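Below is a short note on the model we discussed. The points are numbered so that they can be taken up one at a time.

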Amino acid sequence: MRSLFHTRTTEPPAKAELVPTIFPKIEGADIAAVFVGKRVAGDFYDSVRVSRERVLFGLLDVAGRREDNRSILTAAQEIFRSLGAELFSGSDVNESDAMTALCLHLNRGLIDVAQGVHSCPAFIGCYHEGFGTLCYTNAGHTSALLRDSSGVAELRSTGLPLGLFSHATCDAPTVGLERGAALLLVSRGVIECGTDLDKSAEEFGLERVKQLLVQSHPGGAQGLCASILDTTGLDTTGKFGATGPICNDRTALALIRTA
């Protein structure tokens, strides 16, 4: 059997550009993302169908300003798409092994292109249409939130952020999504919204996102993302720091199982 941890070139072609994300249609599920603010930081999301029954998606937060990170973002997308399709394409794939291999190559690719340490928290998931399961890894990213009939659970970090240590790996557990279950990912900009430059103001925080997720029941993934970002930071005085510089680059990504 071919090893999942084979050697490959990680640097993208010269003048490579980011490919616009078009979320694939998923049988029995809905997926979407919404971004608000100025694209000044490293928020990046992508999704691609990697087999007849599998869809791969991810939300990354590359450290630094976006204008300085374009080559890193491009390399991450190239590895995510090409190697992701290669690793998850088989019908008898061990998804956990494939996810671990993908994260290892992404990790090394980021270090190679950055020519050194470059932190990149990331959440990457593979949804299986036939089984309604999600294999995921959380490399130091904000916890994902999974809402179902039992309440809201956190899918917490399973490893270190990408781009720090060349041989670091992340665990890749699998969870089942019941009909109507909603997975929500938000970027650090959502969690930190409301803080000022000296960090004396209160940030929005993950607990408020949880409350919004419990209260929000829109018809689809796009509506859920929009409702979370539209009400980020609402209090008795209005929008919670929505015009402040810290609130730039806010991203929400949602996957809802519909059948």
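Which residues of the largest nonpolar core touch the most other members?

1. The model is a predicted one. The largest nonpolar core has 34 residues, and those that touch the most other members are Leu56, Phe88, Met99, Leu102, Ile124 and Leu162. At least two core residues each come from β2 (43–49), β3 (54–61), α1 (66–88), α2 (95–114), β4 (122–128) and β5 (133–139). Helix α1 gives the largest share, nine residues. In soluble globular proteins, nonpolar side chains tend to be buried together.

2. Phe88 deserves a separate entry. Leaving aside residues up to four places away in sequence, Phe88 touches Val50, Ser51, Arg54, Leu56, Val93, Glu95, Ala98, Met99, Leu102 and Cys126. Among these contacts, Leu56, Met99 and Leu102 are themselves listed with Phe88 as the core residues that touch the most other members.

3. Overall figures for the protein chain are as follows. The chain has 259 residues, 53% of which count as buried, and contains five helices and 10 strands. Of the contacts with a separation of 6 or more, 71% are between residues 24 or more positions apart. The accessible surface is about 11800 Å², and carbon and sulfur atoms hold 52% of that.

4. Asp43 stands opposite Asp61 in β3, while Tyr45 is opposite Leu59. β3 also pairs with β4 in the antiparallel sense, again over seven bridges. There, Leu59 stands opposite Phe123.

5. Why is β3 described as largely enclosed by the rest of the structure? Eight of the eight residues of β3 are buried, so the strand is largely enclosed. Arg54, Leu56, Gly58 and Leu60 lie on one side, with Val55, Phe57, Leu59 and Asp61 on the other, and both faces are covered. Note that the buried set includes Arg54 and Asp61.

6. The other five-stranded open sheet has the order β1-β10-β9-β6-β7 with antiparallel pairing. β1 (29–36) and β7 (151–155) are its edge strands, each pairing on one side only. Neighbouring strands here are turned by 15 degrees against each other on average, direction ignored. Helix α5 (residues 221–230) packs on this sheet and touches β1, β9 (182–186) and β10; the direction of α5 makes about 30 degrees with that of β1.

7. The pairings can be followed through the sheet. β1 and β10 (residues 250–257) run antiparallel and are joined by eight bridges; Val36 has Arg250 as its bridge partner in β10. Five bridges join β9 to β10, also antiparallel, with Leu185 partnered by Leu253. β6 (residues 144–148) is joined to β9 by three antiparallel bridges, and Leu145 stands opposite Leu184.

8. Strand β9 is likewise enclosed. Five of the five residues of β9 are buried, so the strand is largely enclosed by the rest of the structure. Ala182, Leu184 and Val186 point one way, and Leu183 and Leu185 point the other way.

9. Which residues of helix α4 (residues 206–215) are buried? They are Leu206, Val209, Lys210, Leu212 and Leu213. These residues cover an arc of only 165 degrees around the axis, which puts them on the same side of α4. The buried residues of α4 pack against β6, β7, β9, α3 (188–192) and α5.

Notes:
Residues are numbered from 1 along each chain as its sequence is written. This is a predicted model: local features need pLDDT of at least 70, side-chain atom pairs count only at pLDDT 80 or more; totals for chains, interfaces and linings use all residues. Side-chain values use heavy atoms; hydrogens and water are left out. Helices (H or I, at least four residues) and strands (E, at least two) are DSSP runs, numbered from the N terminus. Buried means under 20% relative accessible area, exposed over 50%, partly exposed in between (1.4 Å probe, protein chains only). Contact means heavy atoms within 4.5 Å. Accessible areas come from the Shrake-Rupley method with a 1.4 Å probe; for residues, only the protein chains shown count as cover. A nonpolar core is a set of buried Ala, Val, Leu, Ile, Met, Phe, Trp, Tyr and Cys residues joined through side-chain atoms within 4.5 Å. Two strands pair if DSSP finds at least two bridges between them. Axes are lines fitted to C-alpha atoms, for helices over the stretch in contact, and angles run from 0 to 180 degrees between N-to-C directions. The arc is that of the directions from the helix axis to the C-beta atoms.
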